[in-house]
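Me: I am new to this structure. Please walk me through how to read its features, one at a time.
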Amino acid sequence: MPETFIPSGTTDVADLVKWAAAEGKPLSLHGHRSKAGLGRPAQTEYALDISRLSGILDYEAAELVLTLRPGTLVSDVEKLLGASHQMLAFEPPDYGPLWGGPASRGTIGGAIGCNLAGPRRFKSGAIRDHLLGFAGVSGRGEIFKAGAKVVKNVTGYDLPKLVCGAYGTLVALTEVTVKVLPAPEKTRTVLVFGLDDARAIQALSAAATSPHEVAGLAHLPAGIAAQSGVGYVAKAGVSVTAIRIEGADVSVRARCEALRDLLGAFGQLEELHSMNSAWLWREIRDVAAFALPQDRVLWRLSVAPMNGPGVTAAIAAAEPDAQFFYDWAGGLVWLTLPPAQDAHAALVRGAVAAQGGGHATLFRADAATRAAVPVFQPQPEALAALSRRLKESFDPMNVLNPGRMVAGT
Amino acid sequence: MLMPAPEQDIIAQRLDLIAALRRIVPGEGVIADETSLRAFECDGLTAYRQLPLVAVLPSNVQQVSEVMKLCNARGVKIVPRGAGTSLSGGALPLADGVLLGLGKFNKVLDIDWDNRCAVVQPGVTNLGITRAVEHRGFYYAPDPSSQIACTIGGNVAENSGGVHCLKYGLTTNNILGVEMVLMNGDIVRLGGKHLDAEGYDLMGLICGSEGLLGVITEVTVRILPKPTTQRAVLAGFPTSESAGNCVARIIASGIIPGGMEMMDRPAIHAAEDFVHAGYPRDVEALLIIELDGPPAEVDDLLLRVKEIAERCGSVSLRVSQSEDERLAFWAGRKAAFPAVGRISPDYLCMDGTIPRKTLPLVLTRMGQLSEKHGLRVANVFHAGDGNLHPLILYDANNPGELERAEEFGADILRLCVEVGGVLTGEHGVGVEKRDLMPAMFSEADLAQQMRVKCAFDPNHRLNPGKVFPVLHRCAELGRMHVHKGQLAFPDLPRF
């Protein structure tokens with residue numbers, strides 16, 4: 001285990017990073033380690049624990065902005081916002097249990113580092129679309145800020161985008177400002193039963209193309225649906241295609257009715273009300289179906305929505321033990337496969353490339369596999385070189401989470 | 001406004017450079033005569049003009065790459081240009097720079113209905129995208145007021161917004177992929193038809209980078225189904241405070257309108273005199289609140305918005321009863337800039353964003369600044385997201401008045417920063433707000449942004465003189481003073 005520093009203020013972080021850069025001692029950054037299993041395994045002598053850099057600094061519901069410390073628990077943020085009928089619209093997933101950890105331990109800094117997004121992604125964006133500004137410490141040990149604390153800003157480069165999904169390799173964040181939005185009054189879900197994957201994605205496309213403002217589009221093959229904690233879904237005995245509708249009560253009723261008219265031709269329908277809807281979309285969001293068994297490798301694929309079924313068909317043809325389900329109207333595929341030395345990387349990435357492209361992340365595998373197989377989609381050389389120069393522009397001594405994304409940087 | 005001193009050795013090689021460019025882009029694609037170059041001498045910030053060294057209009061990505069490679073090798077600067085509608089001087093040419101126009105990239109390449117996206121060349125206009133998809137009930141959401149002319153490539157460079165962006169987002173939230181050419185000629189593709197980047201979010205970084213990081217040669221945009229119903233409320237208020245309060249209460253009640261615009265008295269009068277939209281003249285502030293969605297939702301929201309407006313002291317309240325009436329409500333707002341152009345020979349359009357709650361304070365202080373500088377100001381305001389467009393009225397024929405208008409504008413933007421806001425909400429920094437960057441960013445903040453620039457363009461050849469007030473050499477910015485063995489082991493809690 002690395003020796004772990006637990007700073008409680010920005011200048012502490014700056015002092016530590018300065019020291020690390022001077023001594024050439026790389027640091028692993030983490031909060032409560034709920035997603036420690038995600039990314040390449042980093043081995044450093046020292047670690048920087050940001051979990052004490054926590055708490056709300058400013059929240060004004062009518063301004064739609066929230067400023068807080070990165071170590072704040074996402075679950076605490078959601079409680080706070082809920083009291084004002086607001087939410088983090090990117091619907092941050094709670095992935096801890098995927099690696100056998102407890103639920104509700106993820107921090108907002110971790111959500112930023114991994115660019116988290118839930119089922120509402122295709123409509124409302126990922127955390128990249130909601131991070132307005134930050135202050136932090138670069139790998140040079142310099143305190144700086146970027147972005148702002150208002151919802152509309154184009155002053156200077158959009159560095160907040162860059163720290164989203166950077167896995168802590170560019171900046172140790174010390175303060176972040178996110179956009180918040182009103183929470184929907186009502187949620188309902190229209191279910192369509194018994195569709196094969198290709199037909200299901202067509203149904204989802206029809207819903208997404210309609211003007212009924214859907215806020216969730218998922219398809220669960222029969223084996224996955226059977227594991228749901230929602231009775232209507234688990235007991236269906238066939239595949240379940242789910243379309244979520246949110247908003248004011250009267251509007252939700254009207255849109256559900258319109259959607260039922262639209263989707264009636266696809267198959268038998270059912271409707272979930274608030275409690276069951278919330279439960280089902282939380283399962284989808286957190287990939288609950290694949291929490292166990294943990295020795296199976298887990299892949300997360302982002303593809304053009306209509307290409308989802310083609311990708312899974314190609315993979316299942318070579319590896320019949322593949323299990324998968326679709327979110328984002330087919331554009332997000334969660335896939336598990338039996339353990340293998342290369343985690344089936346060639347098969348998975350080959351299928352994605354052959355079906356119009358996208359990217360495949362090796363989301364869960366043992367450390368040795370994640371050290372040997374590129375966890376993130378390998379980039380063409382020009383892009384990889386640009387990414388290295390960018391990393392160097394923030395962290396020339398390579399002390400912030402080196403190797404977490406790409407070996408050597 | 002000081003631009004980097006032209007490099008005489010580059011100007012001396014002009015003829016040779018033109019010949020080399022003609023070998024890459026044959027025929028009329030290289031423009032070198034002064035009369036034709038006049039067309040490029042400025043963008044929407046017309047107060048600044050400069051003839052480029054030469055203009056080149058490539059017609060494919062290989063040509064763009066070759067032009068950039070050539071310029072990179074020779075150390076020649078490049079200024080990229082879309083339609084030239086920037087209000088901040090982002091496309092202002094350089095006397096020693098090649099102007100790279102993307103006007104010939106004007107095709108819609110692919111419309112993928114099922115995946116709800118379109119692949120377009122950067123010279124396609126913003127409205128052109130909507131025109132290409134509207135026959136099947138789709139549209140492209142960001143709608144800057146110049147949308148009839150501005151191009152999607154420019155929208156990416158500036159991260160353009162519009163009146164609907166509180167609900168539907170800016171350009172950065174509505175694109176899926178780009179192809180771009182780096183200063184060294186490398187062609188890179190970011191994203192595609194899928195969501196989110198793997199690796200660093202370079203597409204997010206490119207959006208709003210004002211042509212300093214790369215030249216966009218293709219864009220994949222998301223297209224959305226059009227809302228079935230759109231209706232608007234026109235509400236007049238006796239004070240800007242009561243109007244501001246109404247905006248805050250609408251949002252606090254959980255409503256995000258499709259658009260929510262505010263105008264102050266001078267803007268209302270100018271617009272009404274120009275287009276006769278039926279605006280009330282006896283109010284201090286006017287709100288246009290647009291609600292969109294399924295009919296049932298719009299009906300419900302209209303009731304709630306009306307009730308809030310009345311409770312906030314609205315003295316005149318109208319709800320659009322037809323599509324014509326809705327468009328009439330908007331006609332005045334959309335014509336606000338030309339309307340102000342009618343009552344003043346010239347105007348400067350500012351673009352700060354403020355926390356909405358500070359609006360009354362900002363308007364009061366702006367009134368004081370107006371007196372101090374002896375110039376009138378009219379305000380239009382994207383009220384939902386706090387983006388303020390003060391229009392400063394002046395006459396460039398009166399000696400010194402442009403300078404006074406600019407000083408007034410700078411004071412307004414410093415005020416925006418002082419109350420917790422920013423210098424620019426959607427128009428970009430360009431040359432216009434370049435020298436105000438230190439009002440918002442520290443030296444360390446700016447140094448890190450410039451280091452990012454260095455990762456893309458280590459010799460500052462791409463659109464230099466924009467955004468950053470002082471250009472530091474990349475070697476100097478990258479230098480790090482390492483004190484090995486001299487820094488104390490940090491005295492922090494650890495285990």
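Me: Which residues of helix 9 of chain B meet helix 11 of chain B?
Reply: First, the terms. Two residues are in contact if their C-beta atoms, placed from the backbone, lie within 7 Å. Helices (H or I, at least four residues) and strands (E, at least two) are DSSP runs, numbered from the N terminus. Here B:Cys246, B:Arg249 and B:Ile250 in helix 9 meet B:Val305, B:Ile308 and B:Ala309 in helix 11. By class, this contact has 5 nonpolar, no polar and 1 charged residues. Ala, Val, Leu, Ile, Met, Phe, Trp, Tyr, Cys and Pro count as nonpolar; Asp, Glu, Lys and Arg as charged; the others, Gly among them, as polar.

Me: How is the model made, and how are its parts numbered?
Reply: This is a predicted model, where local features need pLDDT of at least 70, side-chain atom pairs count only at pLDDT 80 or more, and totals for chains, interfaces and linings use all residues. Residues are numbered from 1 along each chain as its sequence is written, while chains are lettered from A and ligands numbered from 1 in the order in which they are written.

Me: At what angle do the axes of helix 9 and helix 11 of chain B cross?
Reply: Axes are lines fitted to C-alpha atoms, for helices over the stretch in contact; angles run from 0 to 180 degrees between N-to-C directions. Helix 9 (residues 240–252) and helix 11 (residues 295–311) of chain B cross at roughly 140 degrees, and their axes come within 9 Å.

Me: Which elements of chain B touch chain A?
Reply: Start with the totals: 81 residues of chain B are in contact with 87 residues of chain A. Helix 8 (202–206), helix 9, helix 11 and helix 17 (443–456) of chain B each supply at least two residues of that side. Helix 17 of chain B gives the largest share, 8 residues. By class, the side of chain B has 34 nonpolar, 28 polar and 19 charged residues.

Me: What does the radius of gyration say about chain B?
Reply: The radius is taken over C-alpha atoms, and the globule rule is 2.2 Å times the number of residues to the power 0.38. With 495 residues, a compact globule would come near 23 Å; chain B has 24 Å, which agrees. Its count of elements is 18 helices and 18 strands.

Me: How many residues of chain B count as buried?
Reply: A residue is buried if 20 or more other C-beta atoms lie within 10 Å of its own, exposed if 12 or fewer, and partly exposed in between, with C-beta atoms placed from the backbone. Of the 495 residues of chain B, 56% are buried.

Me: Now sheets. In what order do the 5 strands of the open sheet in chain A lie?
Reply: Strands of a sheet pair through backbone hydrogen bonds, either parallel or antiparallel. Two strands pair if DSSP finds at least two bridges between them. In chain A the order is 4-5-9-7-8, with antiparallel pairing. Strand 4 and strand 8 (143–147) are the edges, each pairing on one side only. Strand 4 (residues 56–60) and strand 5 (residues 65–68) of chain A share 4 bridges. A:Ile56 stands opposite A:Leu68 in strand 5.

Me: What is the pairing in the open sheet of 4 strands in chain B?
Reply: That sheet has the order 1-2-4-3, and its pairing is mixed. Strand 2 (residues 54–56) and strand 4 (residues 97–101) of chain B run parallel, joined by 3 bridges. B:Val54 stands opposite B:Val98 in strand 4.
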